[in-house]
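Please consult the sequence and structure shown here.

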Amino acid sequence: MAKVFIYPATSLILSDLVARFGHKPLGAALGIRERIQTAGVDSPPLQITPEEPKRGLKYAAVEVPSGVRGRMAIYGPLLEEAEAAVIVTDADLAFGCMGCARTDELILFTLRQSGIPILELKYPTNEEEGVQFVAAVRKFLAGLEKEGEA
Amino acid sequence: MAEYIPDYVGTVTKYVFVESPSMTPGELALRAYEASEGVLIKETCFGLQVTGEPESVDRLIEVIRAFDPSHIFVKDRGFPPGDPRRCRANLGGARPGYLGHEREFRILRYITRGLEELDRRGEEAEVPEPTPPAREKKPKLDIKRLQKLIETEES
């Protein structure tokens, strides 16, 4: 079982397919859950503390806005953990404020630089593309199993 | 800043989405309750949220999926159910993340079709792969159109 980073990190479809085909999806929920379940000092509305931008320094330079570094404190450890990635490139749900947009760019850049196996796709727009989409994900994930065995 | 004492420590929460012609979220909830064994289940308009010990949740998800494998989809959730930072009862509108779910829910039928078709064709069947998306440059905004937009905005 490989740890597969999914982008968009909140994607239901990718999360489900990766888990369905026997791997562990790494998405935003895992990072958020870790913070939600850690006791500490409250910083509404999220359990993001002033410490997060400092932790984010590991993944982005100090000149990078703290909003990006704060987000990278969540995604960075997941990216380090990832053994493969599935990316949907035209995901129109992966939008947000400038902090989210720049973090998304940094996530994609980091993934492409990391050298792990990556599958890039577009969301299906009809049934035939749906078959191809699922087939491509299944084939990619099956290939990971073989790599792990070798 | 107040001290933060988290609820449901050590548990996992998962969303279960059902997009099926033969099963409603209410029916799925009833059947899930029968197999829950201590897992907290919350019925929603799209399916369920289940919260509990990781092993119990995994076991329940396995049982739930078996009801309608190609029409039931599962993903992790960071927040526990009813968390005031995410619960729409406190926010007065759609909860953050709702729009993403709505967008993906519309294309779940294509994924269902893919799962059913691959199931029918079997493991070895050849399926043409989608061509990898080319990273095309988006056409630049025409200067005349920009000028027009600015003028429209100003008037």
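Residues A:L12, A:I13, A:L17 and A:R20 of α1(A) are in contact (heavy atoms within 4.5 Å) with B:E104, B:I107, B:L108, B:I111 and B:L115 of α4(B). Seven of these residues are nonpolar, none polar and two charged. The model is predicted: local features need pLDDT of at least 70 and side-chain atom pairs pLDDT 80 or more, while totals for chains, interfaces and linings use all residues. Residues are numbered from 1 along each chain as written, chains are lettered from A and ligands numbered from 1 in the order written, and side-chain values use heavy atoms, without hydrogens and water.

**Packing between chains**
- Helix α1 (residues 12-20) of chain A and helix α4 (residues 98-121) of chain B pack at about 30°, with axes 10 Å apart.
- The two helices α1(A) and α4(B) are therefore roughly parallel (angles under 35 degrees).

**Helix α4 of chain A**
- The 16 residues of α4(A) (residues 66-81) should span 22 Å at 1.5 Å a residue, which agrees with the 23 Å between the end C-alpha atoms.
- Buried residues (under 20% relative accessible area, 1.4 Å probe, protein chains only) of α4(A) include A:V68, A:M72, A:I74 and A:L78.
- Their cover includes β1 (3-7), β2 (24-26), α2 (28-36), α3 (51-55) and α5 (98-114) of chain A.

**Helix α2 of chain A**
- Eight of the nine residues of α2(A) are buried, so this helix is largely enclosed by the rest of the structure.
- The buried residues of α2(A) pack against β2, α3 and α4 of chain A, together with β1 (3-4), β2 (12-18) and β5 (72-77) of chain B.

Key:
Axes are lines fitted to C-alpha atoms, for helices over the stretch in contact, and angles run from 0 to 180 degrees between N-to-C directions. Helices (H or I, at least four residues) and strands (E, at least two) are DSSP runs, numbered from the N terminus. Angles under 35 degrees count as roughly parallel, over 145 as roughly antiparallel, 65 to 115 as roughly perpendicular and the rest as oblique. Ala, Val, Leu, Ile, Met, Phe, Trp, Tyr, Cys and Pro count as nonpolar, Asp, Glu, Lys and Arg as charged, and the others, Gly among them, as polar. The expected span of a helix is 1.5 Å times one less than its number of residues. Buried means under 20% relative accessible area, exposed over 50%, partly exposed in between (1.4 Å probe, protein chains only).
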